[in-house]
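Please walk through this structure one part at a time. Keep the sequence and the model side by side.

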Amino acid sequence: MAAVLALAGVLCLFLYAVPHTGQYVQVEVDGTVVEVLPLDRDCEKIITTADGGENRLVIHQGTAAITEANCPDKICVGHAPISRSGESVICLPHRLTVSVVKDGGDSEIDIAG
């Protein structure tokens, strides 16, 4: 029992103490990648969806956040900034997903400069 607890403690330490910072932010609308942005360059983008939805994505000091949206509930605006690979902010009304990924992938979308 002690060995299992020790192993679990080491695993938790590894998962939370070792940074798993992603390098890019991938923006998807309706499941389609529309933009891949480097997380190490500060920028602001307005993401407009086909239904007239607008979300302001701000990348600042290695984190990404939705700071404004015209959706009714604005849950995406209240989400904490993301920076670790695998983290996402989702706006369901606009079918928008912003995710931190390790690399830009082989997408046909150009990585913005």
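**Cysteines without a bond**

The sulfur of cysteine 71 has its closest cysteine sulfur in cysteine 91, 3.7 Å away, which is too far for a bond. A disulfide would need the two sulfur atoms within 2.5 Å. The count of disulfides by this rule is zero. Bear in mind that this is a predicted model.

Is cysteine 71 buried or exposed? Cysteine 71 has a relative accessible area of 2%, so it counts as buried. Cysteine 76 is buried too, with a relative accessible area of 2%. Cysteine 76 sits in helix α2. Leaving aside neighbours within four places in sequence, the contacts of cysteine 76 include Cys71 and Cys91. Asn55, Ile66, Ala69, Val89 and Ile90 are also in contact with cysteine 76. Leucine 92 lies 16 residues along the chain from cysteine 76, and their C-alpha atoms are separated by 8.6 Å. Cysteine 43 has another setting. Its relative accessibility is 24%, so cysteine 43 counts as partly exposed.

Now turn to the strands. Strands of a sheet pair through backbone hydrogen bonds, either parallel or antiparallel. Which strands form the open sheet here? Three strands do, in the order β3-β4-β5, and their pairing is antiparallel. β3 (43-48) and β5 are the edge strands, and each pairs on one side only. On average, neighbouring strands of this sheet are turned by 25° against each other, direction ignored. Between β3 and β4 there are six bridges, in the antiparallel sense. Take isoleucine 47 as an example: its bridge partner in β4 is asparagine 55.

Six bridges join β1 to β2 (residues 32-38), and the two strands run antiparallel. Valine 25 has its bridge partner in β2, leucine 37. The hairpin of β1 and β2 has two residues between the strands. In this hairpin, aspartate 30 takes a positive phi near 55°.

Stay with β1 and look at glutamine 26, which has its place in this strand. Is glutamine 26 buried or exposed? Its relative accessibility is 17%, so glutamine 26 counts as buried. The cut-off for buried is under 20%. The side chain of glutamine 26 makes a polar contact, at 2.9 Å, with the side chain of glutamate 28. Beyond its neighbours within four places in sequence, glutamine 26 is in contact with Val33, Glu35 and Val36, among others. Its contacts also include Thr97, Val98, Ser99 and Val101.

Next comes the largest nonpolar core, with 19 residues. Which members touch the most others? They are Val25, Leu57 and Leu96. β1 (24-29), β4 (54-60), β5 (63-69), β6 (88-91) and β7 (96-101) each supply at least two of its residues. Valine 25 can be followed in detail. Setting aside neighbours within four places in sequence, valine 25 is in contact with Leu57, Ile59 and Ala64, among others. Its contacts also include Glu35, Val36, Leu37 and Leu39. Val98 and Ser99 are on the list too.

Serine 85 is found between α2 (75-78) and β6. At 28% relative accessibility, serine 85 counts as partly exposed. Aspartate 103 is 18 residues from serine 85 in sequence. In space, C-alpha to C-alpha, the two are 9.5 Å apart.

Methods
Residues numbered from 1 in each chain as written. Predicted model: local features only at pLDDT ≥ 70, side-chain atom pairs only at ≥ 80, totals over all residues. Heavy atoms only, no water. Core = buried A, V, L, I, M, F, W, Y, C linked by side-chain atoms within 4.5 Å. Buried < 20%, exposed > 50% of the residue type's maximum accessible area, 1.4 Å probe, protein only. Helix = DSSP H or I, 4+ residues; strand = E, 2+ residues; numbered from the N terminus. Contact = heavy atoms within 4.5 Å. Pairing = 2+ DSSP bridges. Axes fitted to C-alpha atoms, helices over the stretch in contact; angles between N-to-C directions. Polar contact = N/O pair within 3.5 Å; in protein donor to acceptor, adjacent residues only side chain to side chain.
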